[in-house]
Amino acid sequence: MLFDPKPKEDPKDLFDREKEMERLKFGIDYPMTLLLGIRRSGKSSLVKVLTKKERCIWIYLDLRKFESSTFISFKDLILELEKVINVSVPERLRKLFAGVRGVSIAGVNLRFKWGGEGKVEFSQILEKLSEISEKEGKRIVIIFDESQELRKLKGYNLLYPLAYAYDNLKIRFVFTGSEIGMVYDFLKLDNPKSPLYGRAYTEVTANPFSKEIATEFLRKGFEELDIKVEDRSLEDAVDTLGGLPGWLTYYGFTYIQERDHKRALKKTIETAVNLIREEFNNFLKGREEAKERYKTIMTVCTKGCRWGEAKNAIEAKEGARIDDKRFTELLNNLVKASFLVKEGEVYKPADVMISVAFSS
């Protein structure tokens, strides 16, 4: 069902995502794939369908749990990996980890030693997973969902074991990300000093639906439930919410409960605004000294703005000049976090609901 708040891994959830799915299938034949798209663009549905359709051992690390954290430790990463391997890798294969330094087996579960002398190395875990892949004749795919959160990892450089695995092991990696610039910042694929520099990768983008596709998405969803909704209501919903599947799905689910277009739309907008503000507050963690400047930029840019307009707004508010380089850094951080996009010389919200959140 398209409007299920917890969508099942059903190909119908993809709607017109066939091209993206084909590129993802192509990508997991090779070491590294990036699946990018702003929040609620449908990346999770793509990944869920892929894991159902392809015969692989999937290790899915949901890094959204660290969105409100200011940093991630090696312990956090290793314990998350331990938990997922114990769920995703069959018991008979988990036993093959016996003898790996820093790994013990308690009953049927693996335990990774994350600190002190004799701690497990991330590369050793990857080596063992690669052995399992060869033994089983199955690809092992590690998905780092919302991988931009890994830039918060302190005291450990994950890029070195990733580069080692890329060059030597039979492991596939999928990095998804809503804060697109932050994903690139983490992987440093274009930085000659980065361990991953020069490595080839497949990039897949989950774009918002066009107005026509978004309207059809809603229509099909209601048809599945034998619910008749007037065309003008569907068009109004799309005009108001834009083309992101996440907001459209929430509207459809809410309409089923309310059976009233205006109430469903109002509730969807309120929910969207609250979620976006929460995400923005998470973005501001560690950036508190520039909090008001970031808010000013977002407010000025709700309908689109140029570099000079946003800079002038900050200077007018503070009654003092701001360094050009520092201001550009603030603006670029908002673009990297996918709150703003740059089109030509104009900066504007990446999604219509972001505009609403900062206009309210």
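Which residues line the largest cavity?

Analyst: The model is a predicted one. The largest cavity is lined by I38, R39, R40, L244, W247, I276, E279, F339, D351 and I354. Sorted by class, six of these lining residues are nonpolar and four are charged, while no polar residue takes part. The volume of the largest cavity is about 70 Å³, and the count of cavities of 30 Å³ or more comes to one. As to how such a space is found, rolling a probe the size of a water molecule over the atoms shows where empty space is left.

The sheet of this model may be described next. Strand β1 covers residues 32-36 and pairs with strand β6, residues 171-177, in the parallel sense over five bridges. Within this pairing, L35 has T176 of β6 as its bridge partner. Both strands belong to an open sheet of five strands with parallel pairing, in the order β2-β5-β6-β1-β7. At its edges stand β2 (56-62) and β7 (202-205); each has a single partner strand, so one side of each is left without a neighbour in the sheet. On average, neighbouring strands of this sheet are turned by 15° against each other, direction ignored.

C56 counts as buried because its relative accessibility is 11%, and the cut-off for buried is under 20%. One disulfide is counted; this disulfide joins C301 to C305, with an S to S distance of 2.0 Å. Both C301 and C305 are buried.

Notes:
Residues numbered from 1 in each chain as written. Predicted model: local features only at pLDDT ≥ 70, side-chain atom pairs only at ≥ 80, totals over all residues. Heavy atoms only, no water. Disulfide = S-S within 2.5 Å. Buried < 20%, exposed > 50% of the residue type's maximum accessible area, 1.4 Å probe, protein only. 1 Å grid on protein atoms, 1.4 Å probe; cavity = no way out; pocket = protein on both sides within 12 Å on 5 of 7 lines; lining within 4 Å. Points joined across faces, edges and corners; volume = space filled by probe spheres on them. Nonpolar A, V, L, I, M, F, W, Y, C, P; charged D, E, K, R; others polar. Pairing = 2+ DSSP bridges. Helix = DSSP H or I, 4+ residues; strand = E, 2+ residues; numbered from the N terminus. Axes fitted to C-alpha atoms, helices over the stretch in contact; angles between N-to-C directions.
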